[in-house]
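User: Could you take me through this model? I would like to ask a few things as we go.

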Amino acid sequence: MDKVDDLKKSATFTHELGHVFGINHVSSSAKIMYSSLIGRTVYTPQNDDIAGMNF
Ligand SMILES: [Zn+2]
């Protein structure tokens, strides 16, 4: 399996998990909670993503 594909799958899981924790989409493509996988530039939660859990 392609390593990048693996990363994207786990990023999608992390993104969906974010919704479970009540995090909404963000407009920055540099965040895991960006609305689209296409164009998202990160595959792991960023500090802001984690901070979003406390909103
Ligand atoms: Zn989403």
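User: Where does N24 lie?

Analyst: This is a predicted model, and in it N24 lies in the loop between α1 and α2.

User: Is N24 buried or exposed, and why?

Analyst: N24 counts as exposed because it has 10 C-beta neighbours inside 10 Å, and the cut-off for exposed is 12 or fewer.

User: How far is N24 from S36?

Analyst: Their C-alpha atoms are separated by 12 Å, and the two residues are twelve residues apart along the chain.

User: Stepping back, how many helices and strands does the chain have?

Analyst: The chain has two helices and zero strands. Its radius of gyration is 11 Å, close to the 10 Å that the globule rule gives for 55 residues, so the chain is as compact as a globular protein of that length.

User: What box do the C-alpha atoms fill?

Analyst: Taken along the principal axes, the box is roughly 35 × 20 × 15 Å.

User: And what share of the residues is buried?

Analyst: Of the 55 residues, 16% count as buried.

User: What about contacts between residues at least 24 apart?

Analyst: They make up 28% of the contacts in the chain between residues at least 6 apart in sequence.

User: Now helix α1. What span should its 18 residues have?

Analyst: Helix α1 covers residues 3–20 and should span 26 Å at 1.5 Å a residue. Its end C-alpha atoms are 26 Å apart, so the model agrees with that expectation.

User: Which residue with a positive phi follows α1?

Analyst: That is G22, with phi near 85 degrees.

User: Where is T12, then?

Analyst: T12 lies in helix α1. It counts as partly exposed because it has 14 C-beta neighbours inside 10 Å. The C-alpha atoms of T12 and I32 are separated by 8.4 Å, with the two residues 20 residues apart along the chain.

User: Moving to the other helix, where is I50 found?

Analyst: I50 is found in helix α2, which covers residues 47–52. I50 has 13 C-beta neighbours inside 10 Å, so it counts as partly exposed.

User: How far is I50 from M33?

Analyst: Their C-alpha atoms are separated by 9.9 Å, and the residues are 17 residues apart along the chain.

Key: Residues numbered from 1 in each chain as written. Predicted model: local features only at pLDDT ≥ 70, side-chain atom pairs only at ≥ 80, totals over all residues. Helix = DSSP H or I, 4+ residues; strand = E, 2+ residues; numbered from the N terminus. Rg over C-alpha atoms; globule rule 2.2 N^0.38 Å. Buried ≥ 20, exposed ≤ 12 C-beta atoms within 10 Å, placed from the backbone. Contact = placed C-beta atoms within 7 Å. Expected span 1.5 Å × (residues − 1).
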